[in-house]
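My notes follow the order in which I checked them.

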Amino acid sequence: MSDVEEAITRAHHDEWARVVAALTRRFGALDIAEEAAAEAFATAVERWRADGLPPNPGAWLTTTAGRKAIDRIRREHKRDDKHKEARTLHGDTPPEPLGAIDDDRLRLIFTCCHPALAVEARVALTLRMVGGLTVPEIARAFLVQGTTMEQRVTRAKAKIKAARIPYRMPSADDLPARVSGVLTVLFLIFNEGYLASGPGTDPVRHDLTTEAIRLTRLIRALLPQDGEVAGLLALMLLIEARRPARVSAGGELVPLAEQDRGAWDAELIAEGHRLVRERLAAAAAGEAPGRYQILAAINAVHTSARDIRDTDWSQILALYDQLVRLAPSPITALNRAVAVAELDGPEVALAIVDRLAEALAGYHAYHATRADLLRRLGRSRQSRAAYDRAIELAGNTGETAYLTRRRDQLRPDGPHTAQSR
């Protein structure tokens with residue numbers, strides 16, 4: 001990849017949300033903002049290759065996208081109607097700013113996560129408009145077909161236009177009820193960065209994890225007493241803290257058990273632990289924890305262990321039991337089985353995992369977990385088949401490399417020493 005192509009890729013990662021948010025605020029229409037931004041990035045590919053990089057790529061993209069939007073409005077001969085629509089979308093009497101927070105991208109998130117939209121549409125649209133993910137990347141995150149996701153995004157934009165959903169921050173009274181959908185969106189954006197699914201992309205996309213953390217901090221400033229906001233921020237920080245140790249020099253993902261814990265970010269861990277302790281105190285006072293708070297507590301246990309052998313698996317299993325009662329799902333059950341394997345052995349865990357076969361048949365981590373358990377039981381032939389399926393389904397280049405190496409290290413069938421992942 002040339003320097004210009006790398007710059008174009010980097011600009012898309014860094015500037016997409018800024019450009020779309022600025023255009024949405026200016027023109028009041030998501031379809032115009034998205035299409036003009038896409039045209040601007042396409043123009044950048046041609047112009048930057050021929051003329052070289054501009055001094056300020058972000059400003060160049062925003063200016064070019066603005067011109068593309070104006071050209072489109074003029075071509076459609078509906079400029080007056082579009083201006084009227086923009087005034088309607090912005091609203092004549094927007095609510096007063098809440099504190100010092102005033103961020104175009106945050107405003108865009110709340111617009112995309114409006115309760116008039118179905119939950120799946122809110123998440124998908126925001127991942128596209130704010131996260132800058134492509135439709136195939138979003139489809140991977142949802143475990144659905146690309147055509148299904150394309151229709152979901154298109155319908156969501158049409159709904160916003162038809163319902164005249166305003167591009168603005170919600171009022172103070174409405175804000176708490178709007179946060180849950182936003183947190184789901186931010187966590188999915190973070191997950192796409194944590195385990196990138198795009199072909200040819202880096203195994204970990206720091207730009208997406210950083211953006212998700214930044215926006216979660218903004219919401220935390222808006223709602224400092226919201227336990228789930230604090231929980232999500234803690235969860236992100238504790239996962240992000242491990243990023244320096246998650247990819248080998250050869251580009252292979254490094255599992256938790258093999259990571260150099262000395263390379264973890266101690267500052268992020270300290271901040272995450274502080275937030276978890278804050279929420280534990282609230283739980284002791286009678287405030288029931290939510291899903292993100294429990295997940296953060298699980299990660300706090302992992303990041304408290306100086307060595308994988310020091311991990312308190314009993315505590316982790318107890319937290320997963322609590323999570324299963326609160327928000328049962330096949331993926332939660334799969335993750336719980338990993339803790340069961342450490343306490344009760346791989347055979348007990350495999351029985352749990354096999355019961356999830358129908359629900360998680362298309363999920364690569366199901367097959368990877370099953371492959372590891374079978375390997376630990378000495379059932380190499382079955383383990384190899386499970387690794388093959390996991391490799392086929394995995395969209396992350398680093399994870400594919402790791403799974404391939406583990407598969408190729410399999411020995412003939414027979415008992416051998418179990419190893420924790």
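These entries cover cysteines, aromatic rings, charges over rings and one arginine.

**Entry 1: cysteines.** I note at the start that this is a predicted model. How many disulfides does a search of the whole structure find? I get 0. I then looked at Cys112 to see why. Its closest cysteine sulfur is in Cys113, at 6.6 Å, which is too far for a bond. The cut-off for a disulfide is 2.5 Å between the sulfur atoms. Cys113 is likewise in no disulfide, with the sulfur of Cys112 as its nearest cysteine sulfur. Is Cys112 buried or exposed? I find Cys112 buried, at 0% relative accessibility. Cys113 is buried as well, with a relative accessible area of 2%.

**Entry 2: aromatic pairs.** I count 3 aromatic pairs in the structure. I looked at Trp48 and Trp60, which pair edge-to-face. Their ring centres are 5.4 Å apart, and the planes make an angle of 65 degrees. Which parts does this pair tie together? Trp48 sits in helix H2 (residues 30-51) and Trp60 in helix H3 (residues 57-75), so the pair joins parts 12 residues apart in sequence. Trp48 has a relative accessible area of 2% and is buried. Trp60 comes out at 19% and also counts as buried, because the cut-off is under 20%.

Next I took Phe187 and Tyr292, another edge-to-face pair. The centres are 5.4 Å apart and the planes are at 85 degrees. This pair links distant parts of the chain, 105 residues apart. Phe187 belongs to helix H9 (residues 175-194), and Tyr292 to helix H13 (residues 291-304). I find both Phe187 and Tyr292 buried.

**Entry 3: charges over rings.** I looked for arginines over tyrosine faces. Arg107 lies over the face of Tyr167, 5.8 Å from the ring centre. Arg246 lies over the face of Tyr194, 3.7 Å from the ring centre.

**Entry 4: Arg336.** Where does Arg336 lie? I place Arg336 in helix H15, which covers residues 330-344. Arg336 is partly exposed, with a relative accessible area of 23%. I then listed its contacts, leaving aside neighbours within four places in sequence. Arg336 touches Leu317, Tyr320, Asp321, Val324 and Ile352. I also looked up the spacing to Ala318, which is 18 residues away along the chain. The C-alpha atoms of Arg336 and Ala318 are 9.3 Å apart.

Technical notes. Residues numbered from 1 in each chain as written. Predicted model: local features only at pLDDT ≥ 70, side-chain atom pairs only at ≥ 80, totals over all residues. Heavy atoms only, no water. Helix = DSSP H or I, 4+ residues; strand = E, 2+ residues; numbered from the N terminus. Buried < 20%, exposed > 50% of the residue type's maximum accessible area, 1.4 Å probe, protein only. Contact = heavy atoms within 4.5 Å. Phe/Tyr/Trp six-rings, centres within 6.5 Å; stacked < 30°, edge-to-face > 60°. Lys NZ or Arg CZ within 6 Å of the ring centre and 35° of its normal.
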